[in-house]
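Here's a walk through one protein model, from the overall fold down to a few individual residues. Have the structure open as you read.

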Amino acid sequence: MYSRQTQKLILSTPKSTIRTTITKTVVFQRLIVSLALAIGTALLIILTSFQSSAILVTSASPPLKPHPLPPTLTQWQDSTNSGDYFSQVSPTQVGYLVWSQFPIRVYVESTQAVNSKQAQDWVKTVSQAVQEWSVYLPLAIVEQPKDADITIVRKTPPLQTSPGSKILRARSAQTTYEMYVSKNNLLSHRFTILLSPSQTGQYLLAATRHEFGHALGIWGHSPLPSDALYFSQVRNSPPISARDVNTLKLVYEQPTSLGWSVGTFSVKNSHET
Ligand SMILES: [Zn+2]
């Protein structure tokens, strides 16, 4: 079962930036680690609801523009015409969560667990699910977490209260992202996926496949159980479906502020009246 919690950041438009008196340096600092969102997997309660809260107000996100479609998605043709669930995917305050620097760097945590066989199996299964997605977007496994765009951690997600309820619930997976400004001045994002160590085999494979789909930009859920991004965990979890890929392709055709330079705005030291 899956539910979603969001924490939104209010990013102002370039227009309002011109009206601010803050310096460029401050703008950049405020953009760093300025937004976090989570899609979690609930174990106990069937719930698909959104919880939003503004955490801080900042300025100067680049204007929304689409990136060129990656060749892996340009080549994708759905001969079955099975449709998509793009309408269920939410844009964020910075547009769609599109990657534009390839390959996307993925780090899979290899823990020094007491039971090393179990830990090895965990890494193997998680890597297999990641590999499935590499058909559609170029991915590279990196050895250091500091180099990663998407980090997958073998850790039980924190307990979370349901919206409108005080009951704490356990989840088997959680996907969050944060924003930062890269060294070459691009508005960037990175994802962290927490996957419970207690999950194994087909369940772990399905959970990784599902959460990784979120991290690639499918920030929403399918209403059909035949899709990997179906909102609820099902007994026989399906592979990545044509509808999943159709949706992913549509996401990558959308405008975003991510991957564009934040340094191109003029910030004036005067107020507009
Ligand atoms: Zn989900």
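Helices here are DSSP runs of H or I with at least four residues, numbered from the N terminus. Keep in mind that this is a predicted model.

## The overall picture

The protein chain has six helices and 10 strands. Of its 273 residues, 40% count as buried. If you take contacts between residues at least 6 apart in sequence, 82% of them join residues at least 24 apart.

Helix 3 covers residues 71-74, and Pro 71 is found in it. Is Pro 71 buried or exposed? Pro 71 has 10 C-beta neighbours inside 10 Å, so it counts as exposed.

Pro 138 is 67 residues away along the chain, yet the two C-alpha atoms are separated by 9.3 Å.

## Where helix 4 meets helix 5

Next up is a helix pair. Helix 4 (residues 116-133) and helix 5 (residues 201-215) have axes that come within 9 Å and cross at roughly 45°. That angle is why helix 4 is described as oblique to helix 5. The crossing is right-handed.

Which residues make the contact? On the helix 4 side they are Trp 122, Thr 125, Val 126, Gln 128, Ala 129, Val 130, Glu 132 and Trp 133. Helix 5 brings Leu 204, Leu 205, Thr 208, Arg 209 and Phe 212. Sorted by class, that makes eight nonpolar, three polar and two charged residues.

In soluble globular proteins, nonpolar side chains tend to be buried together. In this model, the largest nonpolar core has 48 residues, and Val 126, Ile 150, Ile 193 and Leu 195 have the most contacts inside it. At least two core residues each come from strand 4 (104-108), helix 4, strand 6 (150-154), strand 9 (171-181), strand 10 (187-195), helix 5 and helix 6 (242-252).

Setting aside neighbours within four places in sequence, Ile 150 is in contact with Ile 104, Val 106, Phe 191, Ile 193 and Ala 215.

## Helix 6, mostly tucked in

How many of the 11 residues of helix 6 are buried? Nine are, so helix 6 is largely enclosed by the rest of the structure. The buried set is Arg 243, Asp 244, Val 245, Asn 246, Thr 247, Leu 248, Lys 249, Val 251 and Tyr 252. These buried residues pack against helix 3 and helix 5.

Technical notes:
Residues numbered from 1 in each chain as written. Predicted model: local features only at pLDDT ≥ 70, side-chain atom pairs only at ≥ 80, totals over all residues. Axes fitted to C-alpha atoms, helices over the stretch in contact; angles between N-to-C directions. Parallel < 35°, antiparallel > 145°, perpendicular 65-115°, else oblique. Left-handed = near helix turned anticlockwise from the far one by under 90°. Contact = placed C-beta atoms within 7 Å. Nonpolar A, V, L, I, M, F, W, Y, C, P; charged D, E, K, R; others polar. Core = buried A, V, L, I, M, F, W, Y, C linked by C-beta atoms within 7 Å. Buried ≥ 20, exposed ≤ 12 C-beta atoms within 10 Å, placed from the backbone.
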